[in-house]
Amino acid sequence: MVRQTVSEAKLRKILELNDKLKEQLEIPRIPVSEASRSLIDYCQTNPDMMVPSVWGNRSPDPFAEPVGECACVLM
């Protein structure tokens, strides 16, 4: 009797896993090339204000490398 319940529990787990796999199989998918093209298009058309040197004012960017100046400090 115990052996039968263990077998039934294993069968239930396998059937549940099979159902989950079937659900995942029905998820719509797109090719990587299409997804990457979509991502590139989005990044090129929507400004990211966290990158001001690309989309916004260049002068107030404190993280931009200095241009034409020596950033060396001698003590």
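What pattern does the chain follow when read along the sequence? Color the predicted model by secondary structure, and the pattern is α-α-α. The chain has three helices and zero strands.

**Whole chain, colored by pLDDT.** The mean pLDDT of the chain is 80, and 61% of the residues score at least 70. Confidence is highest in helix α1, at 92, and lowest in helix α3 (residues 52-55), where the mean is 58. Where pLDDT is low, the predicted coordinates should not be read in detail.

**Whole chain, as a surface.** Show the accessible surface, which comes to about 7800 Å². Carbon and sulfur atoms account for 61% of this area. Of the 75 residues, 1% count as buried.

**Residues 2-25.** Select this range for helix α1, which includes D19. Then select E16, D19, E23 and E26 together: these residues form a patch of negative charge on the surface. Is D19 buried, exposed or partly exposed? D19 has a relative accessibility of 44%, so it counts as partly exposed, since that class lies between the 20% limit for buried and the 50% limit for exposed.

**Residues 32-45.** Move on to helix α2, which spans this range, and show the side chains of R37 and D41. The two side chains meet in a salt bridge, with an N to O distance of 3.5 Å. How many salt bridges does the structure hold? The count is one. R37 and D41 are four residues apart in helix α2, and therefore about one helical turn separates them.

D41 is partly exposed, at 33% relative accessibility. R37 is partly exposed as well, with a relative accessible area of 45%.

**Residues 52-55.** End at helix α3, with its mean pLDDT of 58.

Note on methods
Residues numbered from 1 in each chain as written. Heavy atoms only, no water. Helix = DSSP H or I, 4+ residues; strand = E, 2+ residues; numbered from the N terminus. Buried < 20%, exposed > 50% of the residue type's maximum accessible area, 1.4 Å probe, protein only. Areas by Shrake-Rupley, 256 points an atom, 1.4 Å probe, with all protein chains shown as cover. Patch = residues over 30% accessible without salt bridge, like charges linked within 9 Å, V, L, I, M, F, W, Y side chains within 5 Å. Salt bridge = Lys/Arg side-chain N within 4 Å of Asp/Glu carboxyl O. Lys, Arg positive; Asp, Glu negative; His and termini not counted. Charge placed at Lys NZ, Arg CZ, Asp CG, Glu CD. pLDDT = per-residue confidence, 0-100.
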